[in-house]
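Subject: Structure handover

Hello,

Here is the structure you are taking over, with notes on what was found in it below. Please read them with the model open beside you.

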Amino acid sequence: MTPTRGWPFPLRLLAVAMLGGVAGFGLAPYGYWALTILSLILIVPIFLASETRARAGWIGWVFATGYFAHALSWIIEPFQVDAERHAWMAPFALLFMAGGLALFWAVSFWMSRRPGASPFRQSLLLIVTLSLAELARGYVLTGFPWAGVSQVWIETPVAQLLSLFGPFGLNALTFAATFPIGSAMMHPRPFRGLVQSLVFTAGLAVVALSYAAIRPTVHDGPHVVRVVQPNAPQHQKWDPAYAPLFFSRQIEYTAARPEPDLIVWPETAVPAWLGSAQPFLAAIADAAQGTPVVLGIQRGDGPRIFNSMIQLDANGQQAGLYDKHHLAPFGEYVPFGDLLGRFGIHGMAATTGHGFSAGPGPELMDMGELGNALPLICYEAVFPQDVNGASGRADFLLQITNDAWFGTRSGPYQHMVQARMRAIEQGLPMIRSANTGISAMIDPLGRVTASLSLGEGGYLDAVLPLPQQSTIYSRTGDSAVLVILLFLGAIILFSARLRENY
């Protein structure tokens, strides 16, 4: 049985689009993870009832487009900063992004629809191909893993499985816990198939809860970190009439007593380029009175420009520099801009200062008594592979960001969720300073121990938790999940071929 059997195909697609939109309610700021789970269950019988592989592909594309359109609705916010010039582009940007990401799901649904195979076997194949599609979405064309279904688990004990399997492995487990239930609706004996699937899903839930219960205890360290949040709206951030006000706020928060062991300002916190910022840096050092400060700033190097993080030591001298290496396409650079520059179209080439240039890659920053930090600037915290990419193990993660671009709806909350996931995956605490919020101290289990709300100006002093031992995921990365998925896919296809031959 299927809820849409006998419906005209266009009406089926409309229902599927609505179902995808409902699935988006599992993500922040809503957190209704049960709606995502229910949507994943219900899409399977609709997929299995598709008459052709082409129609299965359309069902996957439309469902995912509805899901991503809801999940990524915050993308319209940057176009509202200068609404008179850019607002008209917002709907096209959202539809282009949602529809483009949905292509990964369309291919998976198309590949998995095998009219001659059993519903259960097709659901198994869909688990594997969609898990691989989501993995590819995190890497292809620099990747964009935002709104992965594993993100719906962040407020539940299931999230602790990230330390074993990472976000793409947890995606696969989520599909494994839901798709067989959906396929049971198409079984000749639905009740029996449903019971078997529910028993398997219950077993996965027990494993997840048991693992969460034995996770190591988090201990506080001896150091206190001050996180500064100036709350500078994007349309005012660089306005000469307002920029001094926001800088003064940060100076005021920095000078508050008693002194912490480290002060962290957000991304692009200084209203000057590094080469001409000495008066600002001197004022920061004077306010800090011997406390090291980490802050975001833009800098130039010849014709190239960089989105950077610098560390000021106790004497106010630059003691560390990190350049953002995973840049946001179309936000910080135009893809293939340098290639176009070779043909005389220099307006998009980073080598001539039109767009940011990428830094050398993940690297640790020595923070003295606090240990080594892994710097992450804004968008970089979305990518688990970037956090795994440093040459050594950090003592804590350090993210600075300007989430004012994301508005006040879902974007900042979803960005925060992904920061918490990186902490769980690595077993490391994270210090997070966001221009307009949400700034926070996050422990190695992904729990927020202190935070400043979105849209609030202020600072927080929080104890930096101690790191835990390296997790399985921090040692294996995504390679183990990839190998397992390929192996399972090969078994499913090989066994199907054997059955056809014999």
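Gln278 sits in helix α11, which covers residues 278-288. In this predicted model, Gln278 has a relative accessible area of 51%, and since exposed means over 50%, it counts as exposed. Phe247 is 31 residues away along the chain, and its C-alpha atom is separated from that of Gln278 by 14 Å.

Gln160 gives another case. Where is Gln160 found? Its place is the loop between α6 (119-137) and α7. With a relative accessible area of 10%, Gln160 is buried, because the limit for that word is under 20%. Not counting residues up to four places away in sequence, Gln160 touches Tyr211, Ala212, Arg215, Ile424 and Leu445. With Arg215 there is also a polar contact between side chains, at 3.1 Å. Glu425 is 265 residues from Gln160 in sequence, yet the two C-alpha atoms are 8.1 Å apart in space.

Tyr211, one of the residues that Gln160 touches, is also one of the buried residues of α8. An α-helix has 3.6 residues a turn, so residues three or four places apart point the same way. The buried residues of α8 pack against α7 (162-184). Helix α8 itself runs over residues 190-213, 24 residues in all, and at 1.5 Å a residue it should span 34 Å; its end C-alpha atoms are 34 Å apart, so the two values agree.

Helices α7 and α8 come up again at the second largest pocket. This pocket holds about 670 Å³ of space. It is lined by 29 residues, and the closest to its centre are Ile127, Ala172, Ala176, Phe200 and Leu488. The elements that give two or more residues to its lining are α6, α7, α8, α15 (472-476) and α16 (479-501). Which element gives the most to this lining? That is α7, with nine residues.

Helix α1 takes in residues 9-23, and its 15 residues reach 21 Å from the first C-alpha to the last, close to the 21 Å expected at 1.5 Å a residue. Its buried residues are Phe9, Arg12, Leu13, Val16, Leu19, Gly20, Gly21 and Ala23. These buried residues pack against α2 (33-48) and α3.

Helix α3 spans residues 53-71 and includes Thr65. Is Thr65 buried or exposed? At 13% relative accessibility, Thr65 counts as buried. Its side chain reaches the backbone oxygen of Trp61 at 2.7 Å. Leaving aside neighbours within four places in sequence, Thr65 is in contact with Ala98, Gly99 and Ala102.

Strand β1 covers residues 220-229 and is mostly covered, with seven of its ten residues buried. What does β1 pair with? Strand β12 (residues 458-465) runs antiparallel to β1 and is joined to it by seven bridges; there, Asp220 has Pro465 as its bridge partner. Strand β2 (residues 262-264) pairs with β1 in the parallel sense, over three bridges. The bridge partner of Val225 in β2 is Leu262.

Strands β4 (residues 304-312) and β5 (residues 318-323) pair in the antiparallel sense over five bridges. Ser308 stands opposite Asp323 in β5. The hairpin of β4 and β5 has five residues between the strands, and in it Gly316 takes a positive phi near 80°.

There is also an open sheet of six strands, in the order β6-β7-β8-β9-β10-β11, with mixed pairing. Its edge strands are β6 (365-366) and β11 (448-452), each of which pairs on one side only. Strand β10 (residues 439-442) pairs with β11 in the antiparallel sense over four bridges, and Ser439 stands opposite Leu452 in β11.

Regards

Terms used: Residues are numbered from 1 along each chain as its sequence is written. This is a predicted model: local features need pLDDT of at least 70, side-chain atom pairs count only at pLDDT 80 or more; totals for chains, interfaces and linings use all residues. Side-chain values use heavy atoms; hydrogens and water are left out. Buried means under 20% relative accessible area, exposed over 50%, partly exposed in between (1.4 Å probe, protein chains only). Two strands pair if DSSP finds at least two bridges between them. The expected span of a helix is 1.5 Å times one less than its number of residues. Contact means heavy atoms within 4.5 Å. A polar contact is a pair of N or O atoms within 3.5 Å; within protein, one must be able to donate a hydrogen and the other to accept it, and residues adjacent in sequence count only if both atoms are side-chain atoms. On a 1 Å grid over the protein atoms alone, a cavity is a set of points where a 1.4 Å probe fits but cannot get out, and a pocket is an open set with protein on both sides within 12 Å along at least five of seven lines; lining residues have an atom within 4 Å of a point. Grid points are joined across faces, edges and corners, and a volume is the space filled by probe spheres set on the points.
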